[in-house]
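This report describes the fold of one chain and the side that it turns to its partner. Please read it alongside the sequence and the model.

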Amino acid sequence: MTPRVQPSLPAEPGERAQSPSILTGAQMLVESLRAENVEVIFGYPGGAVLPVYDALYQCGIPHILTRHEQGSIHAAEGYARVTGRPGVVIATSGPGATNLVTGLTDAMMDSLPLVVFTGQVATKVIGTDAFQEASILGITMPVTKHSYQVQDVRELPMVIKEAFHIASTGRPGPVLIDLPKDIANARGSFDYSKPVRIPGYQPTFIPNSLQIKKVAQALRNAKRPLILAGAGVLHAHATEELLELVESTQIPVTNTLLGLGSFPGDHPLFLGMAGMHGTYAANMAIYDCDVLVNIGARFDDRLTGNLEHFARRATVVHIDIDPAEIGKNVPTDIPVVGDAKQAITMLLEDGLSMTDAAAWREKLHEFKVAYPFWYRPDSERLKPQRMIEIIHEETSGEAVVVTDVGQHQMWAAQYFPFRAPGRWVTSGGLGTMGFGLPAAIGAQLGLPDAPVFAVVGDGGFQMTMQELAVIVEYQIPVKVVVLNNRSLGMVRQWQEFFHGRRYSESLIPVQPDFVKLADAYGIPAFQAQNEAEATEKIQLALATPGPVLIDCHVPSSENVYPMVAPGSGIHEMVGVTP
Amino acid sequence: MNRVLTVLVNNRMGVLNRITGLFLKRGFNIQSITVGPTETDGVSRMTIVIGADDERIVEQVIKQLHKQIDVLKVMDITEQQIVARELLLIKVNSSVQNRAEVMALIEPFRASIIDVGRESVTVQATGRPDKVDALIALLRPYGVRELARTGVTAFPRDSDTVNEVIRLNKGSMLPI
């Protein structure tokens, strides 16, 4: 079912400013969004953005009123993740703006394009601690790709155009525009046709061909080559090229958490996700490989484990559009700065043929077969891992899985083989609890016809569950699956492993009845205690138009395996087998 | 070892905050930083001296600076032929009796007295940090009342002469 986000009626022609080119700042904002073909705005009004909301009234661009600004920005992230287009957020000054900080940081870490507008007090009172004033530019500088405070209404169209350009090109990221109230009310001429020219911003798109030749040469000589594909492959829309490269060279592939979906999860050469909760095959491949080709991943510590043991014998190739990522964590032998799609295409043009690595492929295949992810099935109780499998089965793998952060997130990554891009939305770098539900709203709006599942834990869900009101109001058909273990599972797991089973503040004996809670919002809700119930309820959810919540009671003692303990090398996994 | 970076930036609101914030975020240390206008309208030059022995850290600093939208150009001029200067203002105790002595002392440094009080003189000196250090050491016995150093500003030379960075690195470059 398509979400009920109806564009409201366009304004009467007479309601526009007198001359088509003389507009208020607020009207300019709306016209700029129109020029950028913005499909949806996520936001929350307030005093300082009243002029903007006045201009938005009946402007024709759908606006989603979340119940908290954090919900707006996570929804925009979800939208950006599945569509690749910038998510647009509007919030008021002061508390409205500060409520965006977590989402901005999350988007910065995970390279998501956002254009975020914050209201600001009038220029003449900036700096006087005026009502709802916050120095949001100062607060957000470290967590934005760039930011502006508009000082003159004449600058506004170019500022917005630059913001969209910066957010969506190079390494994507959030851009913030702080708009003082008097500027929003001021009038000026509007011209959106001028080209963007930013001398200090010229991201390298086409890689250096000599570097590509070096990569090709390294791969030709490789006996144990491995491709590590990150989210950069998804941002560059390079999944087809990656598949072609792998098919022609027969190099095994692993993914980072955020790279899932960049390579078919059911492909014979796919080793599964690598890292702290990655597969034995993927982690051993990284440990043992002689050429590691990282395409669009940033060697995050949750991937690498102890750097001393990470790809220690390998020639490391790092293809990244952000030169600052190269050599930051892992010394790189062959750096390639540029777009992943361009780089892979150039590698293909180099005529790489099948690598001489049959023994290596065979060994990794043995690992893959011998040491898959495992859990102990239970006929009476619903295992969280099984729940993920059920979602996969019942949607034929077509579901868009949006998660929160914690154990359930890792299980979703482990037990749902993503066959295509755009089906996996998760908070990786920042690990933001509360991300799931609002991000699912944004993902569903970006993909109106896809079955979107918000897979959340009972902990993170309660951080943003007020957004249930949004899925009801706009009839956004997100299926909310709460893997309810009455604990902060990942915290509990670490306390079990590393803190002598002292479960400090990680067990939650008192939880709301999530079924009744959903009922209060008018959302059909079910409980699932075992596998049979779970399958039935998922089928029911899929048959139900509109949102549904399933409260899945899962054991609280379950752990995520295997695990690379903090400080350990990537090959030192525990819990590889039961 | 001290590294000298010159950074050309858009002279926009908050740009200094962006740069210093970046150093904070990434855990880099600034030894000194100077900012001022250049020959081009709207463009400022920052001269940033960092103390970093690890080549990877230096590389990261430069790359992260490059990523800032308001940064137009970053140059590590440490290994180049550069001119590097800083300004010192120092107020030392000096009675009428020993004033001639102070003047004789500062003369080889081409420093000058720019203000005279009843019990003190204020000396201005410009030069490389090691020279400034030396002058301070000479004046210290008289009793330093106030001292201000600007930090180094620098750019590459056109002509090939002695690499001043070698000397620069002998200077303490530390806040006194």
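## Terms and source

Two strands are said to pair if DSSP finds at least two bridges between them, and helices (H or I, at least four residues) and strands (E, at least two) are DSSP runs, numbered from the N terminus. The model is predicted, so that local features need pLDDT of at least 70 and side-chain atom pairs count only at pLDDT 80 or more, while totals for chains, interfaces and linings use all residues. Residues are numbered from 1 along each chain as its sequence is written, and chains are lettered from A and ligands numbered from 1 in the order in which they are written.

## The sheet of chain B

Chain B holds an open sheet of four strands in the order 2-3-1-4, with antiparallel pairing. Strand 2 (30-37) and strand 4 of chain B form the edges, each pairing on one side only, and the twist averages 15 degrees from one strand to the next.

Strand 1 (residues 2-10) and strand 4 of chain B run antiparallel and are joined by five bridges; Val7(B) stands opposite Val74(B) in strand 4. Helix 2 of chain B packs on this sheet, touching strand 1, strand 3 (43-51) and strand 4, where contact requires C-beta atoms, placed from the backbone, to lie within 7 Å. The direction of helix 2 makes about 160 degrees with that of strand 4 of chain B (axes are lines fitted to C-alpha atoms, for helices over the stretch in contact, and angles run from 0 to 180 degrees between N-to-C directions).

## The side facing chain A

In chain B, 17 residues are in contact with 15 residues of chain A. Helix 1 (15-26), helix 2 (55-67) and strand 4 (71-76) of chain B each supply at least two residues of the side that touches chain A, and helix 2 gives the most, with six residues.

Definitions and conventions. Two residues are in contact if their C-beta atoms, placed from the backbone, lie within 7 Å.
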